[in-house]
Amino acid sequence: MSELPADIVLRVDRLRTHFELGSRVAKSVDDVSFDVRRGETVAVVGESGSGKSVTSLSIMRLLAPPGRIVEGEILYRTSDGRILDIATLSQKDMRRIRGREIAMIFQEPMTSLNPLYTVGDQIIEMIRLHEPLSKLEARKRARQMLELVEIPAAERRLDEYPHQMSGGMRQRAMIALALSCNPKLLIADEPTTALDVTIQAQILDLLRRLQAEIGMSILFITHNLGVVADIAHDVVVMYAGRVVEQTSSERLFEHQKHPYSRGLLACIPDASRDRGPSGERLRLNPIPGNVPSVMALPKGCSFAPRCPLRIARCEEDPPLLVAEPHHLSRCWRHDDL
Ligand SMILES: Nc1ncnc2c1ncn2[C@@H]1O[C@H](COP(=O)(O)OP(=O)(O)OP(=O)(O)O)[C@@H](O)[C@H]1O
């Protein structure tokens, strides 16, 4: 197994995850590599179908058959300093990693919250699953968790059912549940997508604050490049199962080296720019066309059919090229960008 530098919590290395459907193979994640450092956030960005969720499900080992990791390593540094390859871990060992070491939050809080139990009981159960605390001690900890995620009147809220809470509060309760075992890595899969803009900003603020306080690392999955600038240190832009651009967040916003990232940037809503003279909503500039199916990729560069900068050479598949130091791009024309 490879070595892992001391500041790296998670290293995804040449990961390939396929769905084998009869004689056809969907290469949903095709040679993806990135590092997540301690206390930092990496955002994985791309439109629907680009392979973001399959990447996070591979890391959590929650893939349902016929999904399978066929190649690559997912190296993880545990709290007690061991380095494990999650890609080959048994499901029994993986159960000890999920929740305690790596937790996940979703777009829809009811994916993790059970409607039949109070929020408090769910957090208490999770705490006691991992720590030998009495019910009373666990309840106290659960209340502190609700306070940590800034849910007002935490003591009373412990006894509420998820449906008694607003969308934003439910999202906070889900985060409290995920953090109740003090994970080192939080995988956040579109956690703010269903929320309105103000609540979205509050949840992003909360995640940033929690990260600074607890020092956890975050893998942030989103289709919205707009939220990335606020939260991520590094960005991995995915398209049709592959990485097309990878660099720091600061660098990406300054200078995109792939036409797909440029297109995603043009889709970011901007309140001042996107209103007409009488305040009406203007259309953004969506990238024409759709992400191709990973079962029927075009020949050469998979983005070429939608690309305004396409040239004859794009019929040849570009590798991930070093456009600048610490800046990778899978585009023949990265120098022209
Ligand atoms: N259960 C499955 N069976 C077959 N193919 C699948 C399955 N799940 C995902 N895929 C394939 O993997 C591709 C990537 O899917 P994935 O869900 O990771 O995309 P995504 O970027 O997360 O999109 P979204 O934002 O819609 O979740 C899909 O286009 C699909 O072809």
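Student: Where is Pro 66 found?
Tutor: Pro 66 is found in the loop between α1 and β4, the latter covering residues 67-77, in what is a predicted model.

Student: And what is the peptide bond from Pro 65 to Pro 66, cis or trans?
Tutor: That bond is cis, with omega near 10 degrees.

Student: What about Arg 61, where does that one lie?
Tutor: Arg 61 lies in the loop between α1 and β4, and although Arg 61 is not a glycine, it has a positive phi of about 55 degrees.

Student: Is Arg 61 buried or exposed?
Tutor: Arg 61 counts as buried because 20 other C-beta atoms lie within 10 Å, and the cut-off for that label is 20 or more.

Student: Then Ala 153, what is its phi near?
Tutor: Phi of Ala 153 is near 50 degrees, which is again a positive value in a residue other than glycine; Ala 153 sits in the loop between α4 (135-148) and α5 (154-157).

Student: Buried or exposed, for Ala 153?
Tutor: Ala 153 is exposed, because it has 10 other C-beta atoms within 10 Å, and 12 or fewer is the limit for that label.

Student: Switching to the ligand: which residues come nearest?
Tutor: There are 15 residues around the ligand, and those that come nearest are Ser 28, Ser 48, Gly 49, Ser 53 and Val 54. The elements giving two or more residues to this shell are β2 (24-37) and α1 (52-60), and α1 gives the most, with three residues.

Student: How do the shell residues divide into nonpolar, polar and charged?
Tutor: The shell around the ligand has four nonpolar residues, ten polar ones and one charged one.

Student: Now Leu 225, which residues does it touch?
Tutor: Leaving aside residues up to four places away in sequence, Leu 225 touches Val 45, Leu 264, Leu 265 and Ile 268. Leu 225 lies in helix α8, residues 225-231, and it is buried, since 24 other C-beta atoms lie within 10 Å. Leu 225 and Ala 266 are 41 residues apart in sequence, with a C-alpha to C-alpha separation of 9.5 Å in space.

Student: How many helices and strands are in the protein chain?
Tutor: The protein chain has ten helices and twelve strands.

Student: What is the mean pLDDT?
Tutor: The mean pLDDT of the protein chain is 91, with 95% of its residues reaching 70 or more, and the model scores ipTM 0.94 and pTM 0.92. Where pLDDT is low, the predicted coordinates should not be read in detail.

How values were computed. Residues are numbered from 1 along each chain as its sequence is written. This is a predicted model: local features need pLDDT of at least 70, side-chain atom pairs count only at pLDDT 80 or more; totals for chains, interfaces and linings use all residues. A residue is near a molecule or strand if its C-beta atom, placed from the backbone, lies within 6 Å of it. Helices (H or I, at least four residues) and strands (E, at least two) are DSSP runs, numbered from the N terminus. Ala, Val, Leu, Ile, Met, Phe, Trp, Tyr, Cys and Pro count as nonpolar, Asp, Glu, Lys and Arg as charged, and the others, Gly among them, as polar. pLDDT is the predictor's confidence in each residue, from 0 to 100. Two residues are in contact if their C-beta atoms, placed from the backbone, lie within 7 Å.
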